[in-house]
Amino acid sequence: MRLVRRRRRVLLIAAAAMLVALLVISAPWGWTEISAHGHVHAEADAPSADVAIVLGTEVTVDGTPSPRLAGRLETAAALVKAGKARVVLVSGDSNGGSGDEPTAMAAYLTRLGVDARRIVTDPYGLDTYDTCIRARDVYGVTRALVVTQSYHVSRAVTLCRHVGIDAEGVVSRCHCPTTLLVEKSVRDYFAGGKAAWDAIRNRPPAVLSPPDPAVQQALQNA
């Protein structure tokens, strides 16, 4: 009888420990979802803002956007054509493992009919947090539409709003198989921890740059 009770106690302790661990792991993800609540929109229902920020991701071996990135850019181009955004800030890693993301993004937008004078490239948006803080500090963005896929949009909106940008998320198109969306959703669930840690310590961007008037100049040309 004592052995049975002891086993039950061990199982209860183990279950409680697992529950606590799950809550700790889930807390950052919950923070991003709650903070972004009410600030995420479908493309058709997107509000208006002077600037649309498109977050980068990998390009293909021939230097063109991957299907996920192409979906983000197509949504941004549609927002410009609908008059919901005047300028597009494309932010990514110019020296990424797959290639020069911002250059590929800008070229694709021009092929979609976006005037090159309305496109600004940030070559040092090395991750989502860096994109947000550089949009604020380097390019002077105070309000923006943040364009990315559904699995990523809450984290991106939360981080941009955390650094002081009045950000509204727009769920982008995604030419992606369901398996990839599931994989990226799981990855983003755990990425919430890094996002929260970056926000708590107000991490500076990996690359510091002086103020750049490119966005304001593009707005004057729009």
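Modeller: In this predicted model, the count comes to two aromatic pairs.

Colleague: Why is the pair of Trp-29 and Tyr-189 called tilted?

Modeller: The ring centres of Trp-29 and Tyr-189 lie 5.8 Å apart, and pairing requires centres within 6.5 Å. Their planes stand at 50 degrees; stacked would need an angle under 30 degrees and edge-to-face one over 60, so the pair is tilted.

Colleague: What makes this a link between distant parts of the chain?

Modeller: Trp-29 belongs to helix 1 (residues 2-36) and Tyr-189 to helix 6 (residues 178-200), 160 residues apart.

Colleague: Why is the pair of Tyr-189 and Phe-190 called edge-to-face?

Modeller: The ring centres of Tyr-189 and Phe-190 are 5.1 Å apart, with the planes at 85 degrees. An angle over 60 counts as edge-to-face, and therefore the pair has that label.

Colleague: Which residues form the aromatic cluster?

Modeller: Trp-29, Tyr-189 and Phe-190 form one cluster. Tyr-189 pairs with Trp-29 and also with Phe-190.

Colleague: How do you know whether Trp-29 is buried, partly exposed or exposed?

Modeller: The relative accessible area of Trp-29 is 38%. Buried means under 20% and exposed over 50%, so Trp-29 is partly exposed.

Colleague: And what makes Phe-190 count as exposed?

Modeller: Phe-190 has a relative accessibility of 52%; the cut-off is over 50%, and Phe-190 therefore counts as exposed. For the protein chain as a whole, buried residues make up 45% of the 222 residues.

Definitions and conventions
Residues are numbered from 1 along each chain as its sequence is written. This is a predicted model: local features need pLDDT of at least 70, side-chain atom pairs count only at pLDDT 80 or more; totals for chains, interfaces and linings use all residues. Side-chain values use heavy atoms; hydrogens and water are left out. Buried means under 20% relative accessible area, exposed over 50%, partly exposed in between (1.4 Å probe, protein chains only). Rings of Phe, Tyr and Trp (its six-membered ring) pair if their centres lie within 6.5 Å; planes under 30 degrees apart count as stacked, over 60 as edge-to-face and the rest as tilted. Helices (H or I, at least four residues) and strands (E, at least two) are DSSP runs, numbered from the N terminus.
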